[in-house]
Amino acid sequence: MGYNVVVVGATGNVGREMLNILAEREFPVEKIAVLASRKSLGTEVSFGDKTLKTEDLDTFDFSGWDMALFAVGSDATKKYAPIAAKAGCVVIDNSSLYRYDPDVPLIVPEVNAEAVDGYTKKNIIANPNCSTAQMVVALKPLHDRAKIKRVVVSTYQSVSGSGKEAIDELWDQTKGMYVPGQEKAPNVYPKQIAFNVIPHIDVFMDSGDTKEEWKMITETKKIVDPSIKVTATCVRVPVFVGHSESINIEFEDFLDEDEARDILREAPGIMVIDKRENGGYVTPIECVGDYATFISRIRQDVTVENGINLWCVSDNLRKGAALNAVQIAEVLGQRCLKKG
Ligand code: 2RA
């Protein structure tokens, strides 16, 4: 006896990865429906060895369906998630719409799986921002051992975080640098992304932070511990898939780098690759398609009493979005929607 699962936004990068991961992890699916907007109606998408035809989100009846993984923007989520939730279908939402709602659990299963139980308030569970997800997987085991006071994070985020158009822009701009007459002006981003980096993701806020930086701060507090002080600088880099982060952590108590490395080695969802030699660390190209949050460059920060620096890399379409959503579905099924 499996679950009746809907994937909303099945033709996008994240929606397709959700289907791939549901199949890879052999999630117990009784029935599956793949939905898209009218413009993508009938598009075929893969689910394991099956090919599914997308149905119309606008007319879909969510009654009788157990859970819906939403991989659409906030506007579509705002319109359709309440319809699904009201029909008794639990929504697992990848947009930012519900993340900050006190009545909606914001979940990274390796960190706060038990908070899934709170889904009943709105029949909605929120998936965190991709750059938050990989960071809190690394922070949680260290916080449990030596209570984190402050985090300073700089991100190096791939263009797939902005969607397919951004991937095409990086490709075309890079090609255009070598082929006269094929230059590609910035469109998705305000400045050229090929051979460049852009210290601006999402919109600017009055504080001078961008919304992406605000998300990392706010979501880390909600998922791990509201007492943790976080400051972030989020940067777009010319990488197709895979977000990287340089994370500086200050603790209440002293934590030795070797003990930190041992803790991370044992922590769920983490792969430590940390050798102080050429190539003894992970780069984004190597994380693509993997489930793990990779940690390298673990070392004492001797400029403060109790500091550690580390390097964190993960596939932003997987742990940063689709994998985390499927893991939430697994926890929801195991904890709350037991079948047969
Ligand atoms: C980005 N985190 O990387 C944002 C949304 N996926 O663009």
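1. A polar contact is here a pair of N or O atoms within 3.5 Å, one able to donate a hydrogen and the other to accept it. By this rule, 7 residue pairs are in polar contact across the interface of domain 1 and domain 2, with both residues of each pair at pLDDT 80 or more. The model is a predicted one, and the points below concern this interface.

2. The domain assignment divides the chain into domain 1, made of two segments, 3-127 and 321-335, and domain 2, which covers 131-316. The C-alpha centres of domain 1 and domain 2 are 25 Å apart. To the contact, domain 1 contributes 17 residues and domain 2 contributes 19 residues.

3. Interface size is often expressed as the accessible area lost when the parts come together. Between domain 1 and domain 2, the buried area is about 1,500 Å², and carbon and sulfur atoms supply 62% of this area. On the side of domain 1, the residues that lose the most area to domain 2 are Y100, E110 and V111, which together account for 38% of what that side buries.

4. As for charged pairs, the count between domain 1 and domain 2 is 1 salt bridge. A salt bridge joins R99 and E219, with 3.3 Å between the closest N and O atoms.

5. On the side of domain 1 that touches domain 2, the elements giving two or more residues are α1 (13-24), α3 (109-112) and α9 (318-335). The residues of that side comprise 9 nonpolar, 3 polar and 5 charged.

Notes:
Residues numbered from 1 in each chain as written. Predicted model: local features only at pLDDT ≥ 70, side-chain atom pairs only at ≥ 80, totals over all residues. Heavy atoms only, no water. Domains from an automatic or database assignment. Contact = heavy atoms within 4.5 Å. Buried area = accessible area lost by both parts, 1.4 Å probe. Salt bridge = Lys/Arg side-chain N within 4 Å of Asp/Glu carboxyl O. Polar contact = N/O pair within 3.5 Å; in protein donor to acceptor, adjacent residues only side chain to side chain. Helix = DSSP H or I, 4+ residues; strand = E, 2+ residues; numbered from the N terminus. Nonpolar A, V, L, I, M, F, W, Y, C, P; charged D, E, K, R; others polar.
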